[in-house]
Amino acid sequence: MLQLDRLRSLGLRSFGLGTGATIAAAALLALAATGAAFAQAERYELDALDRWKKVADVTPGSEEAQLLAARRALVDGEPARAQKLANAFLERYPLSRYRADALLVRGDSKRGSDEYEALFDYEEVCRRYAGSEVFVPALEREYEIATLYAKGLRRRFFGTFRIVDTSEDAQELLIRVQERLPGSDLGERACMTLSDYYFDRREMLMAAESYRIFIENYPRSPQVSKARLRLIYAYLAGFRGPEYDASGLLEARAKLRSLQAMQPGLAQQIGAESILVRIEESEAAKFLATASWYLEVDDPISAELFIRRLVQRHPRSIATIEALRIVPTFLAKLPKTILDDAPDYHALRKALLGIDWDAMPADP
């Protein structure tokens with residue numbers, strides 16, 4: 001239940017971020033040196049119009065120049081070389097201000113061969129350099145890997161075959177994204193991906209909680225209608241029968257009525273009225289099952305109490321008809337004080353079943 005507790009903690013947060021953090025485009029071009037000792041490397045960045053713009057010259061041999069060389073190797077399709085350059089940079093400059101950038105480059109270089117190993121570098125960026133420009137890109141990469149794991153991708157077993165289950169990793173990563181970037185577009189996508197993951201795996205308790213959190217935290221999302229419907233379906237699917245807890249039915253009924261008030265067109269489209277009838281019948285069956293259990297343990301007073309609630313709350317249900325068939329079998333065992341307050345079972349039986357109390361005995 002640890003994941004459920006963490007989900008609920010997400011639902012209690014107050015998201016005050018107006019916009020997501022901006023992602024600065026990193027320089028990916030480094031001109032090759034011509035052999036001159038003081039030749040200059042050039043650094044480029046994307047401007048507001050998405051055009052490359054030269055912003056500065058970088059001295060060869062400097063920390064930034066070495067980092068740019070690693071980036072360039074990655075862009076040129078040489079991940080092994082990029083990883084080697086990033087490793088050398090991190091060993092040589094453990095306290096460099098570009099350490100977070102180097103970790104991202106090294107993670108990207110590992111990702112093609114072993115995405116799980118890349119996660120260690122992305123995690124270090126997210127944990128230690130939350131204020132850096134590469135924090136959001138690292139978090140986006142974690143989300144992309146989590147999505148692959150949620151779709152069934154397995155981890156490599158010590159670098160060999162993909163046989164290691166990644167379901168726990170997927171859940172953990174998707175929750176971390178929401179915790180680290182609340183209120184953002186990325187957090188919204190992570191929340192919906194996690195909710196769908198639980199729903200597809202038929203973990204309806206977790207799915208219902210996750211969709212509830214999505215509706216609470218992202219009420220203006222284009223996917224909020226989907227979340228409302230999935231929440232109702234999760235509550236309904238979570239009801240396992242009259243012998244089990246029926247709280248999910250009550251939640252589903254409340255959400256359906258709320259949907260009818262907020263989005264009547266959508267409610268009509270999914271057949272909300274017929275679903276409500278189904279819920280009423282299921283709730284009535286729950287009362288009848290409870291009454292039957294009390295009869296089995298020879299407690300007619302408690303059995304009558306639940307049948308009384310049944311005929312009062314669901315007078316036209318199938319369960320009420322069945323309950324009225326068995327009422328005569330135990331009514332004589334009840335004290336007079338109970339019978340004085342009980343409904344007129346004689347009249348109800350005759351009205352609903354068309355059976356006169358004295359003319360026909362109760363069914364066995």
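Helices H8 and H9 run roughly antiparallel to each other in this predicted model, because their packing angle of about 155 degrees falls in the range over 145 that counts as roughly antiparallel. Their axes are 8 Å apart, and the crossing is left-handed.

**The H8 and H9 pair**

- Helix H8 covers residues 185-200, and helix H9 covers residues 204-217.
- On the H8 side, the contact is made by Glu188, Cys191, Met192, Leu194, Ser195, Asp196, Tyr198 and Phe199.
- H9 contributes Met204, Met206, Ala207, Ser210, Tyr211, Ile213 and Phe214 to the contact.
- Sorted by class, the contact of H8 with H9 has 11 nonpolar residues, alongside 2 polar and 2 charged ones.

**Loop residues with positive phi**

- Arg202 sits in the loop between H8 and H9.
- Phi of Arg202 is near 65 degrees, a positive value in a residue other than glycine.
- Arg202 has 59% relative accessibility and so counts as exposed, the cut-off being over 50%.
- Asp298 is found in another part of the chain, in the loop between helix H13 (272-296) and helix H14 (300-313).
- For Asp298, phi is near 60 degrees, again a positive value in a residue other than glycine.
- Asp298 is exposed as well, with a relative accessible area of 57%.

**Ser109 in helix H4**

- Ser109 belongs to helix H4, which spans residues 99-111.
- Is Ser109 buried or exposed? With a relative accessible area of 4%, Ser109 is buried, since buried means under 20%.
- A polar atom of the Ser109 side chain lies 2.6 Å from the backbone oxygen of Arg106.
- Not counting residues up to four places away in sequence, Ser109 touches Leu74, Pro79, Ala82 and Gln83.

**Arg111 in helix H4**

- Arg111 also lies in helix H4, and its relative accessible area of 25% makes Arg111 partly exposed.
- Which residues does Arg111 contact, leaving aside neighbours within four places in sequence? They are Ala118, Tyr122, Arg141, Glu144 and Ile145.
- With Glu144, Arg111 forms a side-chain to side-chain polar contact of 2.7 Å.
- Arg111 and Arg141 are 30 residues apart in sequence, and their C-alpha atoms are 9.4 Å apart in space.

Terms used
Residues numbered from 1 in each chain as written. Predicted model: local features only at pLDDT ≥ 70, side-chain atom pairs only at ≥ 80, totals over all residues. Heavy atoms only, no water. Axes fitted to C-alpha atoms, helices over the stretch in contact; angles between N-to-C directions. Helix = DSSP H or I, 4+ residues; strand = E, 2+ residues; numbered from the N terminus. Parallel < 35°, antiparallel > 145°, perpendicular 65-115°, else oblique. Left-handed = near helix turned anticlockwise from the far one by under 90°. Contact = heavy atoms within 4.5 Å. Nonpolar A, V, L, I, M, F, W, Y, C, P; charged D, E, K, R; others polar. Buried < 20%, exposed > 50% of the residue type's maximum accessible area, 1.4 Å probe, protein only. Polar contact = N/O pair within 3.5 Å; in protein donor to acceptor, adjacent residues only side chain to side chain.
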